Amino acid sequence: MTYRRSVRFKREFALLPLEIKRLARAKFALFSQNWRHPSLRAHKLEGLLWHGHQVFDLWVTDRYRLLFIMDHDVVVSFSIGPHSIVSK
């Protein structure tokens, strides 16, 4: 798999509290080993598309989420932040 981050994602990540950044990096490491690991709680967000691709939600913490898409062997993270990003 190839992993990419959007400009928006990079900007949002830079603004996160240090502890959330640390936790997110640990989740990224786990994701790269097994994106279906139960602790990630990764799932499709029904009816939500980003550039024509199905959007997935991954738990960083109970309050923070990461949104990504999968396009064949490329994963693009495009947003990270409080749970409210899911409803944007």
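These legends describe an overview and several close-ups of one predicted chain.

The model is predicted, so local features need pLDDT of at least 70, side-chain atom pairs count only at pLDDT 80 or more, and totals for chains, interfaces and linings use all residues. Residues are numbered from 1 along each chain as its sequence is written, and side-chain values use heavy atoms, with hydrogens and water left out.

**View 1. The whole chain.**
Two helices and five strands make up the fold. Helices (H or I, at least four residues) and strands (E, at least two) are DSSP runs, numbered from the N terminus. Their order along the sequence is β-α-α-β-β-β-β. The radius of gyration is 12 Å, close to the 12 Å that the globule rule gives for 88 residues, so the chain is as compact as a globular protein of that length. That radius is taken over C-alpha atoms, and the globule rule is 2.2 Å times the number of residues to the power 0.38. Along the principal axes, the C-alpha atoms fill a box of roughly 30 × 30 × 20 Å.

Buried residues account for 40% of the 88 residues. Buried means under 20% relative accessible area, exposed over 50%, and partly exposed in between (1.4 Å probe, protein chains only). The accessible surface comes to about 5,600 Å², and 55% of this belongs to carbon and sulfur atoms. Accessible areas come from the Shrake-Rupley method with a 1.4 Å probe; for residues, only the protein chains shown count as cover. The chain carries 15 positive and 7 negative side chains. The centres of these two sets lie 5 Å apart. Lys and Arg count as positive and Asp and Glu as negative, while His and the chain ends are not counted. Each charge is placed at NZ of Lys, CZ of Arg, CG of Asp or CD of Glu.

Helix α1 spans residues 7-14, and its buried residues are Phe9, Glu12 and Phe13. Seen down the axis of α1, these buried residues fall within an arc of 100 degrees, so they line one face of the helix. The arc is that of the directions from the helix axis to the C-beta atoms. An α-helix has 3.6 residues a turn, so residues three or four places apart point the same way. Val7, Arg11 and Ala14 are exposed on the other side of α1. The cover over the buried residues of α1 includes β1 (2-5), α2 (18-33), β4 (64-71) and β5 (74-82).

Serine 6 sits in the loop between β1 and α1. Serine 6 is buried, at 13% relative accessible area. Leaving aside residues up to four places away in sequence, serine 6 touches Trp50, Ser77 and Phe78. Contact means heavy atoms within 4.5 Å. Serine 6 and phenylalanine 78 are 72 residues apart in sequence, yet 5.0 Å apart in space, C-alpha to C-alpha. Across the chain, 38% of contacts between residues at least 6 apart in sequence join residues at least 24 apart.

**View 2. Histidine 53 in strand β3.**
Histidine 53 belongs to β3, residues 53-59. Its relative accessible area is 23%, so histidine 53 is partly exposed. Beyond residues up to four places away in sequence, histidine 53 touches Leu48, Ile69, Met70 and Asp71. Histidine 53 and isoleucine 69 are 16 residues apart in sequence and 6.2 Å apart in space, C-alpha to C-alpha.

**View 3. Threonine 61 in a loop.**
The loop between β3 and β4 holds threonine 61. Threonine 61 is buried, with 17% relative accessible area. Not counting residues up to four places away in sequence, threonine 61 touches Ile20 and Leu23. Threonine 61 and alanine 24 are 37 residues apart in sequence and 8.4 Å apart in space, C-alpha to C-alpha.

**View 4. Two residues with positive phi.**
Most residues other than glycine have a negative phi. Arginine 41 is not a glycine, but has a positive phi of about 50 degrees. Arginine 41 lies in the loop between α2 and β2 (43-50). At 45% relative accessibility, arginine 41 counts as partly exposed. Histidine 72 also has a positive phi, near 60 degrees. The loop between β4 and β5 holds histidine 72. Its relative accessibility is 74%, so histidine 72 counts as exposed.
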